[in-house]
Amino acid sequence: MNKLEAFGHIAALAIRGDLVFPTSVNAALRVQLALDDPDCPMDEAIRLVLAEPLLAARTVALSNSAMFNRGGGTITNVRAAITRVGYHNLYALAAAMVVRQFGAKIADQALRAKAEQLWQHTVHVACLARIIAREVTEVNQDTALFAGIVHEVGGFYLLSRADEFPGLLDPDPDNWQPASEEIILREVMHKLGIPEPVASAIEGLRDGFLGVPPETLLDTLLLANHFSPVPSPLATPREAIPQADSVVDLFIDEPMAARMVEQAKADAAAMNSAMLV
């Protein structure tokens, strides 16, 4: 099966809803979907988190990280951890587990390296999106963090299938691959229950233009990708933002950009530490 046939096969399966997810992804997904309800009782949230020991450990670790622990007190239990990070960030953490698990069983070393770089890109974009939402675009910070975490979920899914289809992610000189990728991304996001406003912003990343002034979730993701110190290993050649840098400079000057990148690096390190628990 050549690359064109492989993409066609995966896209056809995706359209039918026949997506292959690791068991660990399905478990984290159940928690994520339950936590999507803002009225989920605290005791139910605790029960769900405790049912997934890795999520429980990571929730406590994240609550004690510099990203969320501004007061200096150490938390040692799930109830207090959930209270500190909040449902929205717990939902994002469950989504991060889903994304991370896609690469867990990749056998090929080169593909594993790509998956690791894609994760580092993802976590930096997520942390930058949260900061940019707070300081520039004024969209919901929790939504921006979540959108950053899942914005490359289509790429992670393709990496998770690439062991089965050698050459799947080889260069695409004829540029027919994006159409199949869009189908696969759309269906993966649907399967994962990504809310429509977030899914729409993610789909707009390929050809989106930065608004003037930047004020949408898409603008937030475009800027976060632009300033991310770790590039996506799957990115197709294009300008980071299809406008001159001078347009970006109108809203984020060099000192501000440097400060945001450094803060995002610290937050990314905290999230990476939590994910390694």
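Reply: Leaving aside residues up to four places away in sequence, Leu 221 touches Ala 129, Ala 147, Gly 148, Ala 201, Ile 202 and Leu 205, a contact meaning heavy atoms within 4.5 Å. Leu 221 belongs to helix H11 (residues 217-227); helices (H or I, at least four residues) are DSSP runs, numbered from the N terminus. Its relative accessibility of 0% places Leu 221 among the buried residues, where buried means under 20% relative accessible area, exposed over 50% and partly exposed in between (1.4 Å probe, protein chains only). Ala 201 lies 20 residues from Leu 221 in sequence, with 7.8 Å between their C-alpha atoms.

This is a predicted model, in which local features need pLDDT of at least 70 and side-chain atom pairs count only at pLDDT 80 or more, while totals for chains, interfaces and linings use all residues. Residues are numbered from 1 along each chain as its sequence is written, and side-chain values use heavy atoms, with hydrogens and water left out.

A salt bridge is a side-chain nitrogen of Lys or Arg within 4 Å of a carboxyl oxygen of Asp or Glu, and the count by this rule is eight. One of them joins Arg 206 to Glu 182, with the closest N and O atoms 3.5 Å apart. Arg 206 sits in the loop between helix H10 (196-203) and H11, and Glu 182 in helix H9 (residues 177-192), so the pair ties together parts 24 residues apart in sequence. Arg 206 is partly exposed at 25% relative accessible area, and Glu 182 is also partly exposed, at 33%.

Methods
Helices (H or I, at least four residues) and strands (E, at least two) are DSSP runs, numbered from the N terminus.
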